[in-house]
Amino acid sequence: LRGDDGFGQEVAALLSEELPASTATVLSLHQLTPELAVEVAEHQLVVFVDAACDGRRGGSVSVEWLGTPKGQLASSFWHFLTARGVLALAGELYGAQPRGALVSVGVETTDPGTGLSPSVKAAVPVAAQAVTDILREAASARSWAATAATAATVATAATAATGVSAVTGASQAGRPAAPRRAKGKRKVKCPTQS
Amino acid sequence: MSKGATSEHNNSEIVIEPVTRIEGHAKITIQLDDAGEVADARFHVTQVRGFERIAQGRPVHEMPSLMARICGICPVSHMVASAKACDEILGVSVPPVAVLLRRVMNLAQVVQSHALNFFHLSSPDLLLGFDSPPANRNILGVADSAPELARDGIALRRFGQQIIERLGGRRIHPAWIVPGGVSAPLEASQRDAILAEVPDARARAVRTLRWFKENLASWAEEVARFGNFPTLYLGLVHETGNAAYSDGALRVVDARGKVLVDGADPRLYWDYLGEAVEPWSYLKFPYFLPLGYPEGIYRVGPLARLNIVDQLGTPEADTELDEYRARLGRYPSSSFHYHYARLIEIVHCVDMIEEILSDPSILDHHVRAKAAVNRSEGVGVSEAPRGTLVHHYRVDEDGLVEWVNLMIATGHNNLAMNRSVLQVARHYIKGEQVKEGMFNRVEGVIRAFDPCLSCSTHAVGQMPLQLDIVGADGAMLRQVVR
């Protein structure tokens with residue numbers, strides 16, 4: 001319902017047709033929420049696909065590796081997470097260290113309405129190919145050949161909010177990590193397992 | 001403005017922007033008097049409503065799926081209320097098993113939504129403290145300090161989401177709830193998979209509730225100041241007096257428990273509820289019509305539901321409800337207790353899911369009644385995680401939607417949220433020199449209600465929220481942006 005923000009779901013639909021189920025898991029999501037960390041933790045590579053409201057030319061596809069997730073999520077938290085936040089949560093809670101990449105496209109419009117603008121629609125197969133290339137390169141790399149016991153996951157998100165947040169997360173990749181372990185005064189005791 | 005930073009200030013006004021960890025964006029303005037004391041506070045929603053217009057001209061059969069797009073967190077609640085409105089327009093009698101299946105999905109919705117609020121939005125304040133550094137006061141801070149609590153939250157959220165996915169085929173915006181029932185029956189394998197996960201979900205919910213109860217005394221100050229005042233309480237109850245989420249009759253009680261409305265048909269909501277408009281917010285201000293505006297202030301959602309029901313209806317949850325009432329009184333009035341009520345509701349909803357799915361008739365295959373348009377108007381009312389949800393449609397003879405009115409839980413609570421912000425601001429804010437923890441408490445009282453502004457404004461997408469502190473002369477003193 002937000003024009004080009006539906007880009008991620010279109011790419012997910014295309015990848016679902018093209019990728020063998022044994023190669024990757026394709027998820028088409030409205031937004032990135034905390035429980036996604038469980039699935040992410042079960043995989044070694046996660047590729048996020050989303051629209052980006054970052055001023056770039058509509059239909060322009062970019063690929064960005066999200067880097068080491070640990071320590072990268074220290075910003076305010078909403079009902080949704082950034083792509084980097086999902087990776088960080090998977091690492092913090094489940095000891096996973098999946099690699100993450102973000103394939104994004106510049107939008108022309110996110111005004112209410114269905115359907116993609118022509119340039120963004122044309123970028124759907126381009127982005128799908130970018131995802132496929134990432135998976136192929138990862139699978140062919142020696143390190144991955146040794147460790148790729150599970151297939152890579154493609155997590156695809158689509159909403160205006162997630163689109164902005166995911167790209168924001170990516171654009172902050174070069175910033176120094178916030179001191180996440182600088183705790184405030186604890187007011188209550190931590191819960192314990194019974 | 002950068003995230004987490006306080007920004008602008010001159011010598012007569014303060015702004016905090018935005019209030020974080022709520023769904024969507026809005027603004028809080030705190031007005032100071034000449035002495036620097038809080039004179040007034042307002043919770044604004046600054047985005048225009050959208051979905052009521054988008055729906056016009058659409059076929060009525062599309063409405064449940066279309067209305068689900070209002071919110072990525074509680075789409076099922078919108079689908080349930082929307083489908084009920086459509087049921088009335090079609091003039092169908094929904095098959096009994098479809099009624100139960102809708103209930104299961106709605107209960108799962110409550111579990112996952114409550115889990116998201118408590119564990120991921122509110123627990124950073126509760127666990128780390130309202131005064132802890134904002135950079136750490138988030139889910140990663142919780143994961144770092146109490147990983148088991150964070151894992152419990154994720155597991156409960158996943159439990160609810162997986163039920164929705166199993167029933168609806170997808171976890172977000174499933175198109176399974178349709179006018180006349182549901183689109184497909186439940187398979188035994190799906191039922192068994194859900195039931196197998198119930199014990200783990202229940203254990204995690206009970207463990208979290210125990211932790212909350214053990215620490216409740218440490219939040220005494222917040223309990224006293226977070227929207228602690230008498231109001232009416234409104235919601236749906238079954239004929240038995242048990243909690244109702246997908247069906248039930250309207251009940252309204254006052255702060256002392258006097259029943260003002262009982263057994264009322266919620267489809268006649270306009271007999272009981274009025275909607276006031278203020279020029280500074282797009283979010284309307286519903287009120288209990290017989291008492292007028294603003295005296296007819298009421299609350300909905302977990303706190304209200306626990307106050308209006310006789311009991312919840314499952315043994316473990318009712319034991320918890322008894323303790324809740326023993327500790328807090330029969331009609332607790334602090335909005336801080338939304339947290340406590342939310343946790344009890346998670347336990348109850350998990351139990352109800354198990355109870356409904358254990359009925360052998362749940363596998364019946366007659367799950368949908370089909371009909372053309374037989375009426376020009378329909379109203380559907382259900383309980384969303386945040387409170388009572390009303391969908392009201394009018395259609396033309398071809399079944400195309402002509403008019404839509406939505407009353408959303410966050411809207412019902414609008415008066416109470418405004419009064420709560422004022423109460424907290426008056427206690428914690430003196431002049432423009434306000435510490436981060438004080439601002440966070442102003443935000444925290446809003447988070448207790450778990451407002452969903454995407455829902456409440458029916459906006460497409462999400463909105464930012466800011467907090468302004470304004471001097472007696474109207475000039476901005478301070479503004480904070482997350």
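Three strands of chain B form an open sheet in the order β13-β14-β15, with antiparallel pairing; strands here are DSSP E runs of at least two residues and helices are H or I runs of at least four, numbered from the N terminus, and two strands pair if DSSP finds at least two bridges between them. This is a predicted model, in which local features need pLDDT of at least 70 and side-chain atom pairs count only at pLDDT 80 or more, while totals for chains, interfaces and linings use all residues. Residues are numbered from 1 along each chain as its sequence is written, chains are lettered from A and ligands numbered from 1 in the order in which they are written, and side-chain values use heavy atoms, with hydrogens and water left out.

**The sheet in chain B**

- The edge strands are β13 and β15 of chain B, each of which pairs on one side only.
- On average, neighbouring strands of this sheet are turned by 15° against each other, direction ignored.
- Strand β13(B), residues 377–384, runs antiparallel to β14(B) and is joined to it by eight bridges; B:Gly380 stands opposite B:His391 of β14(B).
- A hairpin with two residues links β13(B) to β14(B).
- On the other pairing, six bridges connect β14(B) with the antiparallel strand β15(B), residues 401–407.
- Bridge partners here include B:Arg394 with B:Trp403 of β15(B), and B:His392 with B:Asn405 of β15(B).
- The hairpin of β14(B) and β15(B) has five residues between the strands, and B:Gly399 in its turn has a positive phi of about 80°.
- Strand β14(B), residues 387–395, is mostly covered, with eight of its nine residues buried (buried means under 20% relative accessible area, exposed over 50%, and partly exposed in between, with a 1.4 Å probe and protein chains only).

**Helices in chain B**

- Helix α3(B), residues 75–90, lies across β13 and β14 of chain B and runs at about 155° to β13(B); axes are lines fitted to C-alpha atoms, for helices over the stretch in contact, and angles run from 0 to 180 degrees between N-to-C directions.
- Helices α7(B), residues 188–215, and α10(B), residues 315–328, pack at an angle of about 10° with their axes 13 Å apart.
- That makes α7(B) and α10(B) roughly parallel to each other (angles under 35 degrees count as roughly parallel, over 145 as roughly antiparallel, 65 to 115 as roughly perpendicular and the rest as oblique).
- From α7(B), B:Arg202, B:Val206, B:Leu209 and B:Lys213 meet B:Glu316, B:Glu320, B:Glu323 and B:Arg327 of α10(B), where contact means heavy atoms within 4.5 Å.
- The residues of this contact divide into two nonpolar, no polar and six charged; Ala, Val, Leu, Ile, Met, Phe, Trp, Tyr, Cys and Pro count as nonpolar, Asp, Glu, Lys and Arg as charged, and the others, Gly among them, as polar.

**Backbone details in chain B**

- Most residues other than glycine have a negative phi, and most peptide bonds are trans.
- B:Asp450 is not a glycine, yet has a positive phi of about 55°.
- You will find B:Asp450 in the loop between α14 (436–449) and α15 (453–456) of chain B, where B:Asp450 is buried at 2% relative accessible area.
- The peptide bond from B:Tyr293 to B:Pro294 is cis, with omega near 5°.
- B:Pro294 sits in the loop between β11 (285–288) and β12 (298–299) of chain B.

- A:Ile134 belongs to helix α4 (residues 118–140) of chain A and counts as buried, at 6% relative accessibility.
- Not counting residues up to four places away in sequence, A:Ile134 touches A:Leu45, A:Val47, A:Val63, A:Trp65, A:Ala101 and A:Val103.
- A:Val103 is 31 residues from A:Ile134 along the chain, and their C-alpha atoms are separated by 9.8 Å.
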